[in-house]
Amino acid sequence: MRLIWWLATVVVVSLLGIVLSQNRALDPVQNLSLTVSAPAASGLRDAARPVDDLFQGITDRGDIVRENRDLREQIEELQQALAERQDAEQRAAELEEALGFKQGRPEDQLLAANVVAEDTSGLKRMIAIDRGLNDGVDEGMVILSRGGNLVGTVSRAYEDFAWVRLITDPDSAVNAQVVPGPSPAQGAATGGQVTPSPAPSPAPSPGVASPAPTPAPTPAPEANAAVRGVAEGDLRRGLLLDLLPPDSTLAEGSLVTTSGLGGNYPRALLIGSVEAVEQRPQSPFTRATLKAAVNLSALDTVLVLISFRPARLTEQ
Amino acid sequence: MRYILALVAAAFVAILNVSVMPYVEILGVAPDLVLIFAASWTVVRGDEEGAIVVPVAGFMRDLATSDPLGTSALALAPVVLLAAAARLRAMDTEFVPTVAVVASGSLAYGIISMTVLAATGQTVLLSDSVSRVVLPACLVNAVFTPLVYLPIHTLSAQRRSGAIGTRRLTSPL
């Protein structure tokens, strides 16, 4: 009987806490707890890095892992540069068609932040950073890696800290596009990974002399158009690119960037590359598994893109 | 005094959980030291202390993570009931019941956490969450139980020895 009363009390108090938390009434408490625990957590994270190396392999493998991490960062930076270049080429082609269009993205202003904690529940993919409302960070802001690739968005901002929802979180959805043009994995020989199906040609009307067959016009702009989808977090596969047109053909290694649609993310931030394509006959959409450009499990420092105001914040 | 010790230990374990444990990922999940701590403390030191320590550990965990405050206290509550049930079956060792409570408590914890997350509007894919997170967590937490259980058992043995004197102490395992 005593246990039942205890359980009832715990349930009531917990539910009250959950409701208050959802209404943001307990934000000062959570900010205070992070303020107190962050130095210890940061110190422990630093101290645990050798444990990380040890845990991943045997003694000497730590150096290899570190070197590998550095190389991955370099690859990440190069991929970002390549994605930007490919996107710039595409943009140039578009601008040639639409003279007068002004690209309205100001110089990026970035704020460096340290990762102080990670959510280990397994049901979410979140990290805590040591920047908050007092530093100009707000919910919805975009978080980048040191190499400038997409990491996630601020999901909850306290005064001095913020929780960041990683792109692999099941609640994360980013409007994305597969960058047209040669991918690093395929090389220039493969070219055009994106092959939209050509529009059906109209049948000739009876009685009308059809002109001599001419070579089909080169569908340059269309063939070079980006295939758009939504990059979603997934507990099983990490990162998925869903809602792709059913007739889209993707090559493994194709780069995927933000499309800028919806206004919540700037255009041309590298998300990752296509790892595997899943054609589902029963589904109206094609889906692909992505390999994130950033090693999200080894983030120490991230950048908050404070110059970009997501649509959600701009509307307020 | 014992509750202050439990509070400090719970806070330390909660910080360890978000700082060091992400590096120790097995089967795609990190061991939940707070859950292991709560279960070990309750089995070794009794339901009376567990009834205080478990919710405190839960709140400590929530303060260190992005969960709404109260989620872990709620999700850890079954640990006390499971420990009480485990005590009904007399055994020479406390280790085996602790492992059993950790494993079953992990299952209950996962299910309640998913329910709270879903109720607060977050995406929870049941099959993926159970197969990728909850079930591996039961195994991983059980494997990591000695890491937390042994210090608590040792501390409790010293306390019992000081209080009761010549009482025979059982093996930690």
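Author: What follows is a set of questions about the terms used for this predicted model.

Reader: What makes α2(B) roughly antiparallel to α3(B)?

Author: Helix α2 (residues 33-45) of chain B and helix α3 (residues 47-64) of chain B pack at an angle of about 170 degrees. Angles over 145 degrees count as roughly antiparallel, so α2(B) is roughly antiparallel to α3(B). The two axes are 8 Å apart.

Reader: Which residues of α2(B) meet α3(B)?

Author: They are B:Val34, B:Phe37, B:Ala38, B:Trp41, B:Thr42 and B:Arg45. On the side of α3(B), the residues they meet include B:Val53, B:Val54 and B:Ala57. The residues of this contact divide into eight nonpolar, two polar and four charged.

Reader: How do you know that β6 and β9 of chain A pair?

Author: Two strands pair if there are at least two bridges between them. Three bridges join β6 (residues 173-178) to β9 (residues 255-258) in chain A, so the two count as paired. They run antiparallel, and A:Val178 stands opposite A:Val256 in β9(A).

Reader: In what order do the six strands of the barrel in chain A come?

Author: The order is β6-β7-β8-β11-β10-β9, with antiparallel pairing. From one strand to the next, the twist averages 40 degrees.

Reader: How many residues of chain A are in contact with chain B?

Author: There are 40, and they are in contact with 43 residues of chain B. Helix α1(A) gives the most to the side of chain A that touches chain B, with 13 residues. That side divides into 22 nonpolar, ten polar and eight charged residues.

Key:
Residues numbered from 1 in each chain as written. Chains lettered and ligands numbered in written order. Predicted model: local features only at pLDDT ≥ 70, side-chain atom pairs only at ≥ 80, totals over all residues. Axes fitted to C-alpha atoms, helices over the stretch in contact; angles between N-to-C directions. Helix = DSSP H or I, 4+ residues; strand = E, 2+ residues; numbered from the N terminus. Parallel < 35°, antiparallel > 145°, perpendicular 65-115°, else oblique. Contact = placed C-beta atoms within 7 Å. Nonpolar A, V, L, I, M, F, W, Y, C, P; charged D, E, K, R; others polar.
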